[in-house]
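Please consult the sequence and the model below before reading on.

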Amino acid sequence: MKLSKIHAREILDSRGNPTVEVEVTINGTTSRGISPSGASTGEKEAVELRDGDQSRYQGKGVEIAVSGLNKEVNSAMAGQTFESQEAFDKRLIELDGTENKSRLGANSMLAASIAFARASASSKQIPLYRQLVERDQYIMPVPCMNVVNGGRHADNNVDFQEFMIAPHNAPTFKESIRMGEEVFHTLKSLLTGKGYSTGVGDEGGFAPNLKSNEEAVEVIMEAIKKAGYKPGEDISICLDPATSELWKDGKYSLFKSTKENFTSDQLIDLWEQWIDKYPIVLLEDGLGENDWEGWKKMTDRLGKKVELVGDDIFCTNPEIIQQGIDAGIGNSVLIKLNQIGTIWETLQAVELAQKNNYHCFISHRSGETEDTTIADLVVATNAGHIKTGSGCLSERVSKFNQLLRIEEELGGQSSFAGKNTFKKS
Ligand code: PGA
Ligand code: ZN
């Protein structure tokens, strides 16, 4: 596949911050890729290159990243032939020349990598998911919809970042989305009835001030029932408390609500109480990224009951994932493309996890765009579950809409993941 041009520009993400868009032209076909951006980032994520020039976008501009692509990367790669995603991404990695992608920036490298994957698919006239992984049979994911937002994603008093519903008892993805949206709208009227705000956070979930963190789970339980579904049987609950953000002076601090401090053991106790009381099937970042000892205890205590997903602790990085597997940490890996910075390395991370019997949970970032690559990625990898926001906001539902198209296109070549997609080790 002969690459004739790489062209980048600065555009905006869903928070109104600049991000990198790249166009790659192969065999006369031009395709785009756009990089997302996180707020509760892991320390070991590949580096997002920002200008730091306070006179533009409060230092968040990406003109240096864009110019690196338009000048250096385009000169080095235009006119070259790349036979695979691996060849293209390896060349980008070589050009960057750093361990953490800090020179060219993971934001520019990922946008280029996505654009190359899309241009390759277009030039062969195949869908992106087939370009990523060709299979006879694909699995449509359970959409884990983030209906209450807290933590760094909202200005409310809820400490924990994400409260999700997983509508798994459905014959198809299309029906599971309908179930999820019905609960989302029921939740809105329930919150209104209780006198709470129905303004939304970064990922489109409601962000009310509540009496306690636990009330978020209680009101979701009420909404599931009121919408006519059975909690646990039809729809379960997933949590991402994003606890790395709570870690302060060797303790987890509920800094938005009670200001109470928890040790690792006390937080594991809390999760266990909640898991015994509510139909929770997945807990992401139940402990922080530097608390490996706590993670091991949590895995031994809770790993047989629920899927324990590592986000900040693994950073979609195959080397760190391998360390986690060796240490018996968690049983699932959160997959975010921009944490590692190329499509090829993301697929490597998924392969490593799946080969070792870990599950993969495919994820958006809190700063998103109209780019729907993760919808194709979750289908390509048969990962069985995705989180990409609540039931509203275009940058979130664009992924659901792409999955609806893919399911229709695949017809009998796909099946819906269902409840068994949630891992218990
Ligand atoms: P982020 O949040 O994109 O702000 O990191 C998502 C998550 O923590 O899973
Ligand atoms: Zn997370």
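## Surroundings of the ligand

Which residues come nearest to ligand 1? Among the 15 residues around ligand 1, these are Ala39, His153, Arg365, Ser366 and Lys387; a residue is counted as near if one of its heavy atoms lies within 4 Å. The model is predicted: local features need pLDDT of at least 70 and side-chain atom pairs pLDDT 80 or more, whereas totals for chains, interfaces and linings use all residues. Residues are numbered from 1 along each chain as its sequence is written, chains are lettered from A and ligands numbered from 1 in the order in which they are written, and side-chain values use heavy atoms, without hydrogens and water.

By class, the shell around ligand 1 comprises eight charged residues (Asp, Glu, Lys and Arg), two nonpolar ones (Ala, Val, Leu, Ile, Met, Phe, Trp, Tyr, Cys and Pro) and five polar ones (the others, Gly among them). Domain 1 (3-125) and domain 2 (138-420) each supply at least three residues of this shell; the bounds come from an automatic or database domain assignment.

Polar contacts here are pairs of N or O atoms within 3.5 Å. A polar backbone atom of Ala39 lies 2.7 Å from an oxygen atom of ligand 1. Taken alone, ligand 1 exposes 280 Å², and the protein buries 100% of that (Shrake-Rupley method, 1.4 Å probe).

Terms used
Polar contact = N/O pair within 3.5 Å; in protein donor to acceptor, adjacent residues only side chain to side chain.
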